[in-house]
Amino acid sequence: MAKNLLIVESPAKAKTINKYLGKDFTVLASYGHVRDLVPKEGAVNPDQQFAMNYAVIDKNEKHVDAIAKAAAKAEALYLATDLDREGEAISWHISEILRERGLLKGKDVHRVVFSEITPKAIKEAVDHPRELSLDLVNAQQARRALDYLVGFNLSPVLWRKVQRGLSAGRVQSPALRMIVEREEEIEAFKPREYWSMDAELAHATTPFRARLLRLNGKKFEQFDLTEAGAAYAARDALYAAAGATRVAGADTPFDTDQPAWRGGRLVVADVQSKERKRRPAAPFTTSTLQQEAARKLGYTTSRTMRLAQQLYEGIAIGDEGVVGLITYMRTDSTSLSDEAIAELRQVIRRDYGAKALPETPNVYKTKSKNAQEAHEAVRPTSALRTPSSVASALSDEQRKLYDLIWKRTVACQMQHATLNTVSVDLACGKDSAFRASGTTVVDPGFLAVYEEGKDQKAAEDDDEGRKLPPLKIGDTVPLAAILAEQHFTEPPPRYSEASLVKALEEFGIGRPSTYASIIQTLLSREYVTLDARRFRPTDIGRAVGKFLSGHFTRYVDYDFTAKLEDELDAVSRGEEDWVPLMQRFWSPFKELVEEKNETVDRSEATGARVLGDDPASGKPVSVRLGRFGPFAQIGTKEDEDKPRFASLRANQSIHTITLAEALELFKLPRTLGQHPDGTEITVGVGRFGPFVKHGSTYASLKADDDPYTIELPRALQLLHEKAEAAANRVIKSFQDGAIQVLRGRYGPYITDGSKNGRIPKDREPESLTEAECLELLAAAPDKPARGRFGKAKAEPKAAAKKAAAAKTAAEPVAKKAAAKKAASKKPAAKKAAVKKAPAKSAAKKAIAKKPRS
């Protein structure tokens, strides 16, 4: 055993680093976090200085045991997990576990940090270790404790007041608030009409277009013309001012179509030329990398981080072996090391010439208050590894992301771009004028390599690349047409992943390592959906967002959340103690939770709306959230007759549905007609979606089917397909159907109603015998019934006895089959024969149900 043990987080990183350190080191992976708070109430104890009860994560126990075994034999321990506070906490947890097991006595414990996985960086880090930073550990523990206390105390309030199974997060909730508020802005938006006026000019060499600048002696503003009559009248006046002639036969002072005007000229009144410089964007931080990958590559934040992790941990590059291609991808910093800058300048001079290189390196100021300048931006570990030189070793996704990072980093150290903007004012009579602008690139500088993307196009972007003909004051330019165009103001766009990450960063909510998980949490909880790559809140998401904003305002406040992040950063720098921070948060939060549990009305929390009265019954029609989603209701529980209920359609929301749309929902279930056997066929919507029904047979509608418009022939077709599928589902059956070989969603399987058995890959399902089926079922794990909210039901003793008796009855047949197989020396059957179900598992069997795949 090597005398030094070095621990990293991932096996890929361990494999790469192991090659760099030689025989004196054993490198093992922790596989991420090794301990976490126990998942139950009381894991954080506010009454004992917020003491935390940790336990080893089940799936990582074997990795922890492997580390402990190696640590017992090693002379020194090197903790080389990631260089952020999460990585620091993992190192601390590993050292605590080993200390508790008495494995660190008399041993040196070193903390090793590096931002790139290259031989030089690793060896330098190992040669210059430091001690564990308890300030970083405390900051991470405080963050974890806060998240736990918010989740474990706020989520039950949501269960009682909104819907069972919901949860709230300290950082996700303000992000959800952003998305919900944007949706409300969009719904409340009232479009305004306005008209633009452009002149098309027929210059002899280069036709171009100019925007109206001045109308009747006044600067032309967006809402100066707000209806067609005024717009067309202004257009005719401009034609006349330009000296155009109206064609005879036009009876009206203006027409909605292009009027019959001929001729006319505009006179060049002013020409201005202005040169400007554009600086390259800073090298990537985590946030800007996520934004650009979303804009330019269409990658989600989680996909970007997964690919970046692969590039960081190492890719096999020909004779070089496994090499880390980029620096650590979780960073707020825009700094670059002197060595990296020197190499970048070398590449720029070689590939783009000395002219593309500024005299001194470009320096970028980090915006984040807590960015550690020792950390670098996300950059290639070597700019000499061009995207084309490593392309063959990368997947298409990896190549695109590496190309983006390489180009952004090279561009950040290149010369600024020089642009020339020419603006020409063209008089139209004495009191009106048009303006045309064009921008040309004098020196591309960094634009030869990279240009930063934008979420929304600006008006001046239209001028980019437009060339105007040479013009001087006094020139006249023929007028081809004046175009009056109608427009309507548009609501603010929904957030994309890029714009949401940008907003979170600007508000100071979350940190680079959390943006991807914030978005993933909102999606997985179904609080939001992605519609054309834009976030739209679901009814559940809106209910949660509104409830938290209305009743826990302080805790979803952007400034409060950002201030808390700043305080956690202060803890990480050793400027503040974490326990007082926790106390300041916990006391008022606990009081508010207790108060809201008592005072909030559930109907208010679920966003219930009364839409009006049902014309037929006169009863109120309302919409609200229920256990299985949003629904409409006619009547109230106080009425003598029970209320009627109907689920909302997939594209409907309780916040926007109208009375007429809600009443349409009560047309279901509806009768479509008669089956050939004389019974009725109906269509309805249930918990699992729309269906057609014939007797006790249900057939789900397809995605293209609408329960409100489907007709009898289509319903009969769906029922026929269901019957065919059911008939073809049974491959074989034994014991009067008690044991069946079925075709399932994930392939053929065996079932006795309470257990499902796998079929060996080397066996055809049709060839299985009854004995073999019994044998495979005996070896199969139990399939416990699930109770309400996912908890396993306790089984009555009678059912347990029945299951045990069935197993006992099957054993003689199974044993006989096993003996027969053994005699013919078939390994597959021999293996199956020894896989007996545990005796106690039979007692845990749930009551037999019909098989379902």
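A cavity is defined, on a 1 Å grid over the protein atoms alone, as a set of points where a 1.4 Å probe fits but cannot get out, and its lining residues have an atom within 4 Å of a point. Grid points are joined across faces, edges and corners, and a volume is the space filled by probe spheres set on the points. The structure is a predicted model, in which local features need pLDDT of at least 70 and side-chain atom pairs count only at pLDDT 80 or more, whereas totals for chains, interfaces and linings use all residues. Residues are numbered from 1 along each chain as its sequence is written, and side-chain values use heavy atoms, with hydrogens and water left out.

Under the cavity rule, five cavities of 30 Å³ or more were counted. The largest cavity holds about 90 Å³ of space. Its lining consists of Val150, Leu154, Gly169, Arg170, Ser173, Leu548, Tyr555, Val556, Phe560, Thr561, Leu564 and Phe585. Eight of these lining residues are nonpolar, three polar and one charged (Ala, Val, Leu, Ile, Met, Phe, Trp, Tyr, Cys and Pro count as nonpolar, Asp, Glu, Lys and Arg as charged, and the others, Gly among them, as polar). Helices α5 (134-161) and α16 (558-572) each supply at least two residues of this lining, and the largest share, three residues, comes from α16.

The protein chain contains 24 helices and 33 strands; helices (H or I, at least four residues) and strands (E, at least two) are DSSP runs, numbered from the N terminus. Of the 853 residues in the chain, 48% are buried, where buried means under 20% relative accessible area, exposed over 50%, and partly exposed in between (1.4 Å probe, protein chains only). The accessible surface of the chain comes to about 43800 Å², with 51% belonging to carbon and sulfur atoms; areas come from the Shrake-Rupley method with a 1.4 Å probe, and for residues only the protein chains shown count as cover. Among contacts (heavy atoms within 4.5 Å) between residues at least 6 apart in sequence, 68% join residues at least 24 apart.

In helix α1 (residues 11-21), the buried residues are Lys13, Ala14, Thr16, Ile17, Tyr20 and Leu21. These residues pack against β1 (4-8), β2 (25-29), α4 (119-127), α9 (301-313) and β16 (321-323). Glycine 22, with a positive phi near 85 degrees, follows α1. Serine 91 is placed in helix α3 (residues 85-100) and is buried, at 0% relative accessibility. Beyond residues up to four places away in sequence, serine 91 touches Leu79, Thr81, Arg111 and Leu132.

Proline 469 occupies the loop between β18 (432-443) and β19 (476-488) and is buried, with a relative accessible area of 5%. The C-alpha atoms of proline 469 and alanine 204, 265 residues apart along the chain, are separated by 9.0 Å. With residues up to four places away in sequence excluded, proline 469 touches His203, Thr205, Thr206 and Phe208.

Most residues other than glycine have a negative phi, and most peptide bonds are trans. Tyrosine 31, in the loop between β2 and β3 (35-37), has a positive phi near 60 degrees and is partly exposed, with a relative accessible area of 39%. Phenylalanine 50, in the loop between β4 (44-45) and β5 (51-52), also has a positive phi near 60 degrees, but is buried, at 2%. A cis peptide bond, with omega about -10 degrees, joins leucine 668 and proline 669.

Methods:
1 Å grid on protein atoms, 1.4 Å probe; cavity = no way out; pocket = protein on both sides within 12 Å on 5 of 7 lines; lining within 4 Å.
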